[in-house]
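Hi,

Here is the structure I promised to pass on. Have a look at it first, and my notes follow below.

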Amino acid sequence: MMEIMVYASGSKANVYALNDGRSTILIDMGLPISELKKRLGFGLSRVSFALLSHCHNDHSRAVAGVMKAGVDVYASHGTIEALGLSGHRVHAVEAGSQFNAGNWRVLPFETQHDADQPLGFLVSSMLTGEKLLYATDTYYLRYRFPGPDWIMIECNYIPDILDANVDAGLVPRALRDRLIESHFSLDGVKDWLRANELNRVQGIWLLHMSETNCDPVRAKREIQELTGKPVYIAQEVALCR
């Protein structure tokens, strides 16, 4: 059974890992490399490869150090160019073009964010047969995905909380406008979940929550009521099966 590990999630840093009993992969590397190694406990020697969703620092901070440690990184052409990555450890992938790496199959797909060619990933273990959907830093998902077992999806803000913070002068209106055009709201997540087949889903992780513009308890409750599935707030989770 697939293990899902959350090492950091939020506006400051994002790092996740999957293990299917044979190998471990990283998804995003937003911690400093020294802190990433510390949290992984075993360093990077057991990591088979890493997926990078986009170039922003809270997702990519450790990418150079990860590559230097001998781990291959897969990202879009736009992300690679934006970060100035080069060498045999970095591999350009395209949305809609599936690839295999070790005992994993990965389908990158487009997300909607203010970055160069951001991606989400549908990750399948050929060992366990499980599929995990990873989508963060996107204000919209145009695709439906048949039969994921696990969903990791951004739930950055709740519109009425964000608007109340703007009215109180706690959030600049320009920041509000950027959030709406680059991050997933609770309402957006709920709309997307309604449009997808969830019969096989065993758990939903809500990622990248704003510390001020979201309410984790409310988000968890509303998603559970909508889907009837176990819902986890990423910041609360160290290891889930």
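One term before we start: a crossing is left-handed if the near helix is turned anticlockwise from the far one by less than a right angle, and right-handed if clockwise. Helices here are DSSP runs (H or I, at least four residues), numbered from the N terminus.

Bear in mind that this is a predicted model, where local features need pLDDT of at least 70, side-chain atom pairs count only at pLDDT 80 or more, and totals for chains, interfaces and linings use all residues. Residues are numbered from 1 along each chain as its sequence is written, and side-chain values use heavy atoms, with hydrogens and water left out.

Now the helix pairs. α5 passes α6 in a left-handed crossing. The residues that touch (heavy atoms within 4.5 Å) are L162, D163, V166 and D167 of α5 with R173, R176, L179 and I180 of α6. By class, that makes four nonpolar, no polar and four charged. α5 covers residues 159–167, and its axis lies 9 Å from that of α6, at an angle of about 165° (axes are lines fitted to C-alpha atoms over the stretch in contact, and angles run from 0 to 180 degrees between N-to-C directions). The two are therefore roughly antiparallel, a label for angles over 145 degrees, while under 35 counts as roughly parallel.

The other pair is α7 (residues 186–194) and α8 (residues 216–227), packed at about 15° with axes 11 Å apart. That makes them roughly parallel. Their crossing is right-handed. On the α7 side the contact uses L186, V189, K190, L193 and R194, and on the α8 side A219, E222, I223, L226 and T227.

Cheers

Methods
Parallel < 35°, antiparallel > 145°, perpendicular 65-115°, else oblique. Nonpolar A, V, L, I, M, F, W, Y, C, P; charged D, E, K, R; others polar.
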